[in-house]
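Okay, thanks everyone, I'll keep this short. Let me put the structure up and then we'll walk through it together.

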Amino acid sequence: MLIELLQVVLNGLLSGAQLAVPAIGFTTIYAVLRFPNFAVASHMTVGAYAGVLVNTQLGWPAGLALVAAFLVAGTVGVASDTLVLRRLRPSGPLTAAIGAAALGIVLENIVRFCFANDPRGFDLPVLRDWRVSLGALGQLRIGPQQTEAAAASLIAMAILFAFLAFTRSGRMMRAVADNPTLAALKGIDAQMVARRANFVGMGLAGFGGMLIGLDTSVDPLTGYRVVLPVFAAAVVGGLGSIPGAVAGAFVVGIGEEFSTIVLDPSYRTAVGFAAILLVLTLRPRGLLGERAL
Amino acid sequence: MTPSIPRRAALLGGLAVPFLANATHAQAETIRIGTLTPQTGAGGAYGPPMVKAMRAVVDEVNAAGGVLGRKIELISEDDETNPDAGVRAARKLIDVNRVVAVLGTWASAVTTAVAPLCWENKVMLFTVSGGDGITRLPHQGYIIRTQPDSNLQSDRAVAFMLGQGARKVAYLSAQTPFAVSIYERHLQDLKAGGGQAVGNVIYDASKTSFRSEVDQVLKLQPDSLFLNSYQPDLLVLLRDLFRAGYDGRRYTLGYAANDKLIAALPAEVTEGLVSYAPSPDLDSPAFKQVQTVIGANPDPYSCQTFDHISMTLLAIAKAGTASGPAIHDAVRAIGNPAGTPVTSVTEGLKLLAAGKEINYSGASGPCKFTPIGDITGCKFRFDVVQKGQSKLLQLS
Amino acid sequence: MTSYLAAMAVFAGLYALMALGLNLIWGLAGMVNLGLVGFYAIGAYTTALLCVRFGWSPVAGIATAAVVSGATGSVVAVITARLKGDYLAIVTLGFAEVVRLVASNEIWLTNGTSGISGVPGLPRAWFSPEQVNLLYAGIVWVAVGLVALLLGRLSAAPFGRVLRAIREDEMVAAVAGKRVLRFKVQTFVVGAAVLGLAGGLYAHYVGYVAPDAFQPLITIYVVLALTAGGTGTMRGAILGAVLVVALTEGTRFLGAALPDLPPVRIAALREGVIGVALILVLSFRPQGLLPETIKPERA
């Protein structure tokens with residue numbers, strides 16, 4: 001029984017690492033621009049397509065394809081913000097959020113128009129899991145590729161933390177997140193910061209989208225399928241808090257896997273939401289509170 | 001009624017009028033047939049080839065002069081894999097386009113939702129849905145279903161599995177209307193054949209990993225697995241089973257293990273996967289025709305919709321009028337065992353025009369139906385994936 | 001054609017009812033309820049179960065649907081009372097998904113993904129299909145009119161003013177001595193009851209309920225309808241709903257103009273056009289087509 005629990009926790013950690021990257025992207029945009037950008041799902045899909053195309057058509061390895069996923073989704077994020085969402089933001093966060101939902105529908109269908117609905121797989125082998133013996137307890141199963149994906153997530157997070165802590169752009173983003181009025185007084189160009197936040201946020205969404213595509217397949221609904229757990233992760237952690245999004249992703253990931261032993265596996269999504277409700281009842285602004293970018 | 005009605009009507013009418021003007025003009029000459037398939041939403045992977053197969057038949061028949069001297073017009077709508085949108089799309093097909101038949105509904109929920117519209121308006125409905133409740137609706141003969149019901153397909157599948165030595169079978173099933181009914185029939189059939197069904201893990205198909213579900217089912221130590229899935233979730237399941245080191249037998253449905261799935265996965269992951277689908281005789285010309293349109297291994301749904309349109313056109317020709325009730329009355333008469341065997345529509349149309357009886361058998365099977373519209377007497381093909389290629393194992 | 005327009009009028013009316021319910025909860029009281037399709041589903045299932053399993057009359061079924069949905073609304077409101085804005089939005093989004101999961105998995109109660117068919121509608125023996133649609137459109141739009149009237153009264157009454165005060169600044173409202181939680185729960189109950197009523201009317205119109213009919217897309221469309229029409233006003237909610245149905249269904253006629261495109265591309269184009277049109281409305285009329293005008297208090 002203990003080994004099963006350990007296995008479930010491990011499975012949850014690996015799923016959580018996958019959710020964490022797009023959740024960070026979502027929360028970064030929230031921190032700087034103060035609205036939930038529901039178009040994150042379609043940007044995940046865009047990133048996944050960018051990754052699978054450079055991998056299968058140009059033969060790029062997975063690592064490089066992840067960079068392509070980041071860059072393409074980030075660029076699309078900046079473009080869609082400049083063309084659409086920037087005009088809506090002055091009308092309030094909810095108008096912007098609703099506009100983002102509509103934008104998501106448009107992007108999903110641009111992808112569908114270009115690539116149809118057929119699933120696309122990466123040109124990569126699927127590896128057998130490692131089996132780690134824990135003596136009398138039994139064996140644990142660890143997926144080499146999931147571990148790699150989790151490592152890629154951690155690297156992306158580390159780069160983001162370094163960017164926010166040590167670069168001028170990063171510090172400006174944090175300044176705007178902390179207090180936009182003060183940042184404006186100090187002469188920080190809000191438009192520029194918004195563009196960078198979108199590039200980083202949607203880039204991370206695309207990166208996370210490709211990680212999910214690696215594990216499943218890439219089709220126009222790749223991002224949509226996981227977007228609820230991604231929102232959940234960001235909310236559990238506290239909207240606008242990057243460490244919160246990471247913590248939230250693990251709570252949701254482990255919670256969902258746990259539910260498979262307690263309840264029918266078909267209730268996984270419901271358990272994720274029960275977890276949110278529980279956390280938010282105790283801490284209405286999430287585990288780590290808001291805007292700790 | 002409230003004052004806002006004229007405004008609403010004006011809005012709707014305003015959008016529709018420019019297109020309708022053409023539509024009503026053309027209606028006098030063409031026979032209008034609707035397709036209602038998933039082009040978006042969870043079933044989006046299946047709809048496009050289904051329509052492609054039907055379009056090919058219509059093009060061929062139109063090139064040969066149409067039916068009863070009239071051209072065929074195929075109007076394709078998207079049901080968004082959603083019964084709510086499906087009802088609105090069906091209303092448009094029936095009320096605006098005045099189609100005589102609606103072909104190809106896929107999701108059981110969509111089929112059940114649009115079925116009453118069809119029978120009330122005397123429009124024929126051809127479906128590929130698997131839900132067993134569909135043919136038990138009070139449809140007065142207006143539903144024809146080319147997907148075999150749970151019992152028929154389960155009996156054949158279990159016989160085959162037992163023949164391959166399966167004794168202890170575990171199940172992974174997406175939450176569908178037939179997740180439970182297929183399992184229960186298997187349970188019974190396996191027991192009768194000296195095997196056993198050891199458990200059914202029902203999962204949420206929209207999830208992106210099934211590691212814990214796979215652990216759960218492998219704990220039962222089965223010698224074979226039956227994967228009651230659709231294509232998107234089967235992709236994920238096969239990966240997770242491979243990673244978990246499971247190398248036992250895997251059985252699944254033909255529509256889940258289609259060409260697109262085999263192409264999207266590395267060969268070692270799909271190696272040895274057995275799938276089954278209703279099938280015509282080997283070397284069926286109708287099946288070959290679908291192959292030229294769709295590809296070497298057409299999915300079962302495309303074969304079935306190929307038959308939907310073929311049966312519709314032949315029934316219209318047989319009845320001599322293009323209407324829902326005419327198709328309703330004639331759809332079984334085109335499979336007259338005493339008639340000339342026919343596998344292509346153009347050939348059938350010629351014979352019917354000459355006043356001959358025909359016996360149509362199509363790309364998905366012999367196309368014979370029970371009084372409630374379920375398919376009977378069809379064969380099943382069992383295919384195995386070897387080195388990334390699908391190979392026929394058995395046809396029975 | 002008459003049948004078709006009448007049927008679309010029914011759907012527009014159902015969306016209008018949902019938009020009205022949402023308008024009360026969100027437009028007036030400022031609570032972002034993205035779980036509306038969950039309440040809609042609860043209403044539809046309530047009456048479907050009562051009428052099919054226990055032979056209730058549709059009128060009693062629909063009334064009970066509104067009550068059950070409203071009661072669920074009170075539970076959700078109490079549980080989420082402390083949550084603000086975007087947190088509430090995502091939790092309620094999750095609530096709707098949980099409702100759909102329960103409907104899919106509790107087969108003993110809901111018949112699972114097969115759904116419940118044979119929900120009684122208007123007696124088919126008495127009317128032609130065209131009459132059925134026209135009559136039902138009448139019923140739904142009478143319901144829309146009554147609900148709009150009722151909610152309009154409520155919004156003009158002191159109750160409505162308190163709600164606006166809560167929306168603008170909860171703290172100030174509390175300091176002014178208003179029992180904020182009670183007002184919020186009451187609003188949620190009334191709004192959820194309207195959503196449940198819409199669900200009940202849907203079940204008897206289509207005659208069939210299934211989990212797949214209650215996808216999050218409906219929530220997105222209704223929220224878009226309300227935003228496009230103008231949050232805070234009843235007329236805006238109704239106009240927005242009509243606009244959304246006209247868009248989603250009017251675009252189906254695009255296909256006829258593009259016969260050479262494969263259907264998947266037509267479908268993608270159609271949904272893309274719907275999205276672009278809604279973005280344009282939001283961009284050019286950010287306060288909606290019929291924005292709320294708050295009359296200055298007379299001194």
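So, one definition before anything else: the radius of gyration here is taken over C-alpha atoms, and the globule rule is 2.2 Å times the number of residues to the power 0.38. Keep in mind that what you're looking at is a predicted model.

With its 396 residues, a compact globule would come out near 21 Å, and chain B has 22 Å, so the two agree. Inside, 62% of the 396 residues in chain B are buried. And if you take the contacts in chain B with a separation of 6 or more, 67% of them join residues 24 or more positions apart. As for secondary structure, chain B has 14 helices and 16 strands.

Now, where chain A meets chain B. How many residues of chain A are in contact with chain B? It's 31, and they touch 33 residues of chain B. On the chain A side, α1, α8, α9, α10 and α11 each supply at least two residues. The top contributor on that side is α1(A), with four residues. By class, you get 12 charged, 11 polar and eight nonpolar residues on the side of chain A that touches chain B.

Last bit, confidence. The model scores ipTM 0.93 and pTM 0.92. Chain C has a mean pLDDT of 91, with 98% of its residues at 70 or more.

Conventions. Residues are numbered from 1 along each chain as its sequence is written. Chains are lettered from A and ligands numbered from 1 in the order in which they are written. This is a predicted model: local features need pLDDT of at least 70, side-chain atom pairs count only at pLDDT 80 or more; totals for chains, interfaces and linings use all residues. Two residues are in contact if their C-beta atoms, placed from the backbone, lie within 7 Å. Ala, Val, Leu, Ile, Met, Phe, Trp, Tyr, Cys and Pro count as nonpolar, Asp, Glu, Lys and Arg as charged, and the others, Gly among them, as polar. pLDDT is the predictor's confidence in each residue, from 0 to 100. A residue is buried if 20 or more other C-beta atoms lie within 10 Å of its own, exposed if 12 or fewer, and partly exposed in between; C-beta atoms are placed from the backbone.
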